[in-house]
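Please walk me through this model in a viewer, one selection at a time. I would like to know what to select and what is found there.

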Amino acid sequence: MPVYIEDVIIDNLVINFAILFVCKKVLKIETRNAFLVFGSVLGTLSTLVFCFFRIDGILLLLFKLFVSVLMVLVSFNYKNLKDFLLKYFSFIFTTALMGGVCFFISFTFGKTVVVNGTVSYELGLPMGIVIFLIMIVAYVVVHFIKSVKAKNKVSEFIYDAKIKNGAREIKLKAFLDTGNTLTDNQTGKPVFILTYKNFLKLFDISLEKVLEGKISEKLENAHYLSVGSVGKNSKLLVFSVEEVEVKKEKELFKLKKPLLALSYQNLEEKLNCGMLLSSSFKEYV
């Protein structure tokens, strides 16, 4: 049965990288993927030795152990001998696991070939390409699951809200921001963050006037609130509206004369909402 050297290179490059990458993820090792590539190339070059020289017995075992040590040293950093041994034996375990996966794929999808009484398995594609395709599918599935979980987690903090002010009323989604502890220094009330897009639905006030700091008479209890950290401060336009209703399933909260602050952030794109609720808003219902 002929052995094509390009298949050997592809197989070993991809499988070596897959083993090192799995070790990196499982142990949460901080290293660049470029170092994993270097380690994979080193392992592949060592495999090519078997295409030209015959190594058997104890020499073969020692040679493989030596190469595996070099691959771990090149691919990962380590603090001490204990840290190195943890990464090394993780690499050995993952190698054995990946070998089982390769055998399973060959046994299931390949065809049996008998040469001089030795049974082997042959695939139409190099094993490396098969492993590479599996990694791509696994990557897509894992990230899809993560995105669904993240979306579900965010939805737990999304409320249906209604803002009433005079003759105008708007409905929007509100996000309960546990990190929003903003309170008004004049009244001590919590402050909600409202996007400019929804602000325009309530008030006919141009952006120029807002940026110039000209507080309109249309805004009730309007004033500016200083926020920020050391060395970086900004001012938010704060005002009150007639009423805000916040609903979540069977819970309904009505806040009279709540305070809102104008924001220019695109919350619709980031959190799929038009307003950020204060973490303590339920205390002021």
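The tour below goes from a pair of helices to aromatic rings and then to one residue in another helix. Keep in mind that this is a predicted model.

**Stop 1: two packed helices**

Select residues 33-48, helix α2, and residues 57-75, helix α3. Two packed helices are described by the angle between their axes and the distance between the axes. Here the angle is about 165 degrees and the axes are 8 Å apart. Angles over 145 degrees count as roughly antiparallel, and α2 and α3 are therefore roughly antiparallel to each other. The crossing of α2 past α3 is right-handed.

Now show the side chains at the contact. From α2, pick F35, L36, F38, G39, L42, G43 and S46.

**Stop 2: a ring pair within α2**

How are the two rings of F35 and F38 arranged? They form an edge-to-face aromatic pair, 6.2 Å centre to centre, with 75 degrees between the planes. F35 and F38 are 3 residues apart in helix α2, so about one helical turn separates them.

**Stop 3: a ring pair across the chain**

Next select F199 and F239. Their ring centres lie 5.4 Å apart and their planes are at 65 degrees, so this pair is edge-to-face. The pair links distant parts of the chain, 40 residues apart: F199 sits in helix α6, and F239 in strand β7 (residues 232-240). F199 is buried at 0% relative accessibility, and F239 is buried with a relative accessible area of 0%.

In total the structure holds 11 aromatic pairs.

**Stop 4: N198**

Finish in helix α6, residues 196-202, by selecting N198. N198 is buried, with a relative accessible area of 4%. Which residues does N198 touch, leaving aside its neighbours within four places in sequence? Show I170, L172, E268 and G274: these are its contacts.

Notes
Residues numbered from 1 in each chain as written. Predicted model: local features only at pLDDT ≥ 70, side-chain atom pairs only at ≥ 80, totals over all residues. Heavy atoms only, no water. Axes fitted to C-alpha atoms, helices over the stretch in contact; angles between N-to-C directions. Helix = DSSP H or I, 4+ residues; strand = E, 2+ residues; numbered from the N terminus. Parallel < 35°, antiparallel > 145°, perpendicular 65-115°, else oblique. Left-handed = near helix turned anticlockwise from the far one by under 90°. Contact = heavy atoms within 4.5 Å. Buried < 20%, exposed > 50% of the residue type's maximum accessible area, 1.4 Å probe, protein only. Phe/Tyr/Trp six-rings, centres within 6.5 Å; stacked < 30°, edge-to-face > 60°.
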